[in-house]
Amino acid sequence: QVQLVESGGGSVQAGGSLRLSCVASSRTFNMLAMGWFRQAPGKERDFLAGITYSGETIEYADSVKGRFTISRDNRKNTVTLQMNDLTPEDTAVYYCAANTVIVTADLWDYWGQGTQVTVSP
């Protein structure tokens, strides 16, 4: 079982930045791919970024490529999402996820509880 706890959400003005963190309670963290998703009101949960267990492979959704950066620290069981140049369209609940491989569908095995990000104009 893997438990994921996100932090770092909040409110920011357009053009600002936020850094989300996710801590995993798993001894096998360094064997898991980690990812970030988001869900806006009335919309499906969308893939944003994923990173393999080694960090060698990273994937981004086109909507965040160049603005968001995913990284991980296997010594601290932590994955982060640095979000820059935020727009109101980035307002959503952001979820951390863990899986054996990166997939863009929301079929990952483990999920955090989500953290709200609100971007004002």
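**Loops and a disulfide**

Tutor: Let's start with Asn77, which sits in the loop between strand E7 (68-73) and strand E8 (78-83). Strands (E, at least two residues) are DSSP runs, as are helices (H or I, at least four), numbered from the N terminus. This is a predicted model, where local features need pLDDT of at least 70 and side-chain atom pairs count only at pLDDT 80 or more, while totals for chains, interfaces and linings use all residues. Residues are numbered from 1 along each chain as its sequence is written, and side-chain values use heavy atoms, leaving out hydrogens and water.

Student: OK, what's the phi of Asn77 near?
Tutor: Near 50°, which is a positive value in a residue other than glycine.

Student: And is Asn77 buried or exposed?
Tutor: Asn77 has 18% relative accessibility, so it counts as buried. Buried means under 20% relative accessible area, exposed over 50%, and partly exposed in between (1.4 Å probe, protein chains only).

Student: Where is Asp85 found?
Tutor: Asp85 is in the loop between E8 and E9. Its phi is also positive, near 50°, and Asp85 counts as partly exposed because its relative accessibility is 45%.

Student: New topic: how many disulfides does the structure hold?
Tutor: One. Cys22 and Cys96 form it, with their sulfur atoms 2.1 Å apart; the cut-off for a disulfide is a pair of cysteine sulfur atoms within 2.5 Å.

Student: Which parts of the chain does the pair link?
Tutor: Distant ones: Cys22 is in strand E3 (residues 18-25) and Cys96 in strand E9 (residues 92-99), 74 residues apart. Both Cys22 and Cys96 are buried.

Student: Why is the disulfide left-handed?
Tutor: Because the torsion about the S-S bond of Cys22 and Cys96 is about -75°.
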